[in-house]
Amino acid sequence: MITFEPLQITLIKKRISKMEFIKLTGISSSTAARMWRNEFVNLKIIDDICRVLECDLLDVIKYIPDNDNEQ
């Protein structure tokens, strides 16, 4: 599972509100909502976020292994 929890932490550290984040990145509010629910977003959007926030990929997303596949 991919989580956007690091993005929320990055926004707090940079003192950027969710609304300001949407305006800075130019993403739609529906895309932002998908991110807050840890749903799929286009990799181009993640690239744009890293560029605008001047941060690394790990400041935006994190991979958490899904235990459903264990045998």
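Mentor: Let's start with the disulfides: the count is zero, going by the rule that a disulfide is a pair of cysteine sulfur atoms within 2.5 Å. C50 is in no disulfide, and its nearest cysteine sulfur, the one on C55, is 4.5 Å away. In general, a disulfide is a covalent bond between the sulfur atoms of two cysteines.

Before going on, keep in mind that this is a predicted model, where local features need pLDDT of at least 70 and side-chain atom pairs count only at pLDDT 80 or more, while totals for chains, interfaces and linings use all residues. Residues are numbered from 1 along each chain as its sequence is written, and side-chain values use heavy atoms, with hydrogens and water left out.

Are these cysteines buried or exposed? C50 is buried, at a relative accessible area of 14%, and C55 counts as buried too, at 15%. Here buried means under 20% relative accessible area, exposed means over 50%, and partly exposed is in between (1.4 Å probe, protein chains only).

Now look at E54, which is in the loop between α4 (43-53) and β2 (62-63). E54 isn't a glycine, yet it has a positive phi of about 50°.

R15 is another residue with a positive phi, about 55°, although it is not a glycine. You'll find R15 in the loop between α1 (5-13) and α2 (18-25), and it is exposed, with a relative accessible area of 75%.

Stepping back, the protein has four helices and two strands, and along the sequence they run β-α-α-α-α-β. Those are DSSP runs numbered from the N terminus: helices are H or I with at least four residues, strands are E with at least two. The C-alpha atoms fill a box of roughly 45 × 25 × 20 Å along the principal axes. Of the protein's 71 residues, 34% count as buried. As for who touches whom, take the contacts (heavy atoms within 4.5 Å) between residues at least 6 apart in sequence: 65% of them join residues at least 24 apart.
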